[in-house]
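Trainee: I have this one open on my screen and would like to go through it with you. Could we start with the overall picture and then move to the details?

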Amino acid sequence: WHLAGVLLVATCSNVAMAFLVTSNCKPLFRSSRQARVCTKIQMGLFDGMFGSKEKTKDDILDRNFQASPAGVWEEYYDESAKQKYYFNPQTQETLWEAEFAAAVKSAPTRQAAPSSAKFETPVVSGSAKSIKPVPYWVQDPSTEQAFKPLKFGGELEAERLTVAWRQGGGGMMQKGGFGFVFTGTYDARPNAAASRRDLKVVVKLPTTDPDAIRTFESETIINKKLSSFGRLPGVAEFVGTVDLRPIERMLPSGLGARTGLVWVAVQGKTLDTFFDRGGGMSPVLASTLGVKESPPTRTAQGEVVYIKVELCRRVLGESLLPLYVIHEKGIIHRDMKPKNIMLVEGVKAEPFRIIDFGSAVEKGKNPFMDDSTEIYAPPEAPNPDRGNPEGYDIYALGITALRVLMPSMIAGESGIQCLGVVTTKELPDFDYDVRKWCEARAADNASRFQFKPLNAECRGLLRHPDLLALISDMLSKDPRKRPSAAVALQRLGPEWAARLEGLKAGRTPRGKCGACGLSVYGDDPGRVRDNRGVYYHSQCAP
């Protein structure tokens, strides 16, 4: 078990993002929460869940495996880990079988122990019990605590969760600076007589850090408000809260709460994991978003530049649609970035999910913590502008669009450094005037700037004035000059304007028309679908 824990820590360290652990990034990525420079400015559902390479205390792996002399030890069997463990109700301690056996072996016997002995051989009560709890309505259907059908956004039953809580970490538990994330299933059968129906879920709990607990409480409020509107397209689906006290003995140590937040788990990864480290276009991302090709751009000087114009437009459009939804519900996300945009693989009609509302606030309110991810945060951070609070998220999405567009900003560690230099130094130096910055880069012949390949990419962007104008307005220093999500969608073109109108009407597109490229909806008269699964409008059908 110790070896497994060491391997887990080693693996997690290897997959941590380079810009979170390198000392070189600290001057670029300052956090207003000074005690958590660089490595702990991420505070949401998935950010930083693998931690950093810096040594930190792990309450699970660093436990002192000594049995307490007080109380009676009860024997249980963990079905997911296939191991026995022992729980002391009086001291709330838990030991796996090997640890318990070692403690008993090293302890003096009752007969031989002197009166001053601090430890007595633990007493085990009863035979092994199954760790898997049985809901009250299964034990006795006549009980007052009868079966409760699943109601999204409501209270869930801990006994209906199947999660390997205590597998020493493992693939079902990940720990970040501010919380634990578990994956498992929830028994979502519609009634007590129905057969079991498992819903894949993600369960989040905070650490004992006071800031983590306060963030978790705020996130609970925001998710409950969003869920009160029903399912929102493009937003992580909140299942509800769950009181874990009935299964407290199954939980790991180090938790800052006994009520968890539960979301529907989706098959996918965050957007940043699809950024090709060579600066190219990820085939998975391109395929899911329907980007068949991204032709190069020829500059006025005759250069060929491989900026990703079409991919940038699609990432912007698919992100702006759910952003429009949450803004209409009165929520400002405050941490829009590629790590908080989930790409759902194979779902082309609604490929993105916005996740992690740990930093979110309601319109008109200030956040309780001065937190921000500096490379994506607007000049007014950490508080949204009172006149146009939505502009906070629009700016962050504009930085994401710039990063998707420019290969120099995603190619390995140098790309992260390039992004940091542009967003925290160069743009402020040009008073956040993206056009002037782009023109200065394009005309740079004296090596005034770092990251010279970016100069050619800026010359390429100047050949796409509509896209440059939109990104420039999204990154305006004045929040009130930034477009709303709806206006930005309309400026992206007819396809996105139509998608916006469909969203307002509660319509979900089936896919893009194979001929004209516009969305095809389920209620479109005469729509057809060919044997390849491609949809067509009636007037476009081949």
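Trainee: Among contacts between residues at least 6 apart in sequence, what share joins residues at least 24 apart?
Mentor: That share is 63% in this protein, where contact means heavy atoms within 4.5 Å. This is a predicted model, in which local features need pLDDT of at least 70 and side-chain atom pairs count only at pLDDT 80 or more, while totals for chains, interfaces and linings use all residues. Residues are numbered from 1 along each chain as its sequence is written, and side-chain values use heavy atoms, with hydrogens and water left out.

Trainee: How many helices and strands are there, and what percentage of the residues count as buried?
Mentor: The protein has 14 helices and 22 strands, both taken as DSSP runs numbered from the N terminus, with helices being H or I of at least four residues and strands being E of at least two. Of its 542 residues, 51% count as buried; buried means under 20% relative accessible area, exposed means over 50%, and partly exposed lies in between, for a 1.4 Å probe and protein chains only.

Trainee: Let's look at H7. How do H7 and H13 cross?
Mentor: The axes of H7 and helix H13, residues 485–492, come within 9 Å and cross at roughly 150°. Axes here are lines fitted to C-alpha atoms, for helices over the stretch in contact, and angles run from 0 to 180 degrees between N-to-C directions. H7 and H13 are therefore roughly antiparallel to each other, given that angles over 145 degrees count as roughly antiparallel, under 35 as roughly parallel, 65 to 115 as roughly perpendicular and the rest as oblique. The crossing of H7 and H13 is left-handed, a term used if the near helix is turned anticlockwise from the far one by less than a right angle, with right-handed used if clockwise.

Trainee: Which residues make that contact?
Mentor: From H7 they are Arg 313, Leu 316, Gly 317, Leu 320, Leu 321, Leu 323 and Tyr 324, and from H13 they are Ala 485, Ala 486, Ala 488, Leu 489 and Leu 492. By class, the contact of H7 with H13 has ten nonpolar, one polar and one charged residues, where Ala, Val, Leu, Ile, Met, Phe, Trp, Tyr, Cys and Pro count as nonpolar, Asp, Glu, Lys and Arg as charged, and the others, Gly among them, as polar.

Trainee: And H14, are H7 and H14 parallel or antiparallel?
Mentor: The axes of H7 (residues 309–328) and H14 (residues 494–504) come within 11 Å and cross at roughly 25°, and the two helices are therefore roughly parallel. The crossing of H7 and H14 is right-handed. Residues of H7 that include Arg 314, Glu 318 and Val 325 meet residues of H14 that include Glu 495, Trp 496 and Arg 499. By class, the contact of H7 with H14 has six nonpolar, one polar and six charged residues.

Trainee: Switching to sheets, which strands does H7 lie across?
Mentor: H7 lies across S16 and S17, running at about 45° to S17. An open sheet of three strands has the order S12-S16-S17 with antiparallel pairing, where two strands pair if DSSP finds at least two bridges between them. S12 (268–270) and S17 (352–354) stand at the edges with a single partner strand each, so one side of each is left without a neighbour in the sheet. The twist averages 30° from one strand to the next.

Trainee: How many bridges join S12 to S16?
Mentor: Three bridges join S12 to S16, residues 341–344, and these strands run antiparallel. The bridge partner of Gly 268 in S16 is Val 344.

Trainee: What about the backbone of Asp 356?
Mentor: Phi of Asp 356 is near 65°, a positive value in a residue other than glycine. Asp 356 lies in the loop between S17 and S18, and at 5% relative accessibility Asp 356 counts as buried.

Trainee: Last one, is Met 406 buried or exposed?
Mentor: Met 406 is buried, with a relative accessible area of 0%, and is found in the loop between H8 and H9. The C-alpha atoms of Met 406 and Val 309 are separated by 9.0 Å, although the two are 97 residues apart along the chain. Not counting residues up to four places away in sequence, Met 406 touches Ile 307, Lys 308, Leu 454, Glu 457, Cys 458 and Leu 461.
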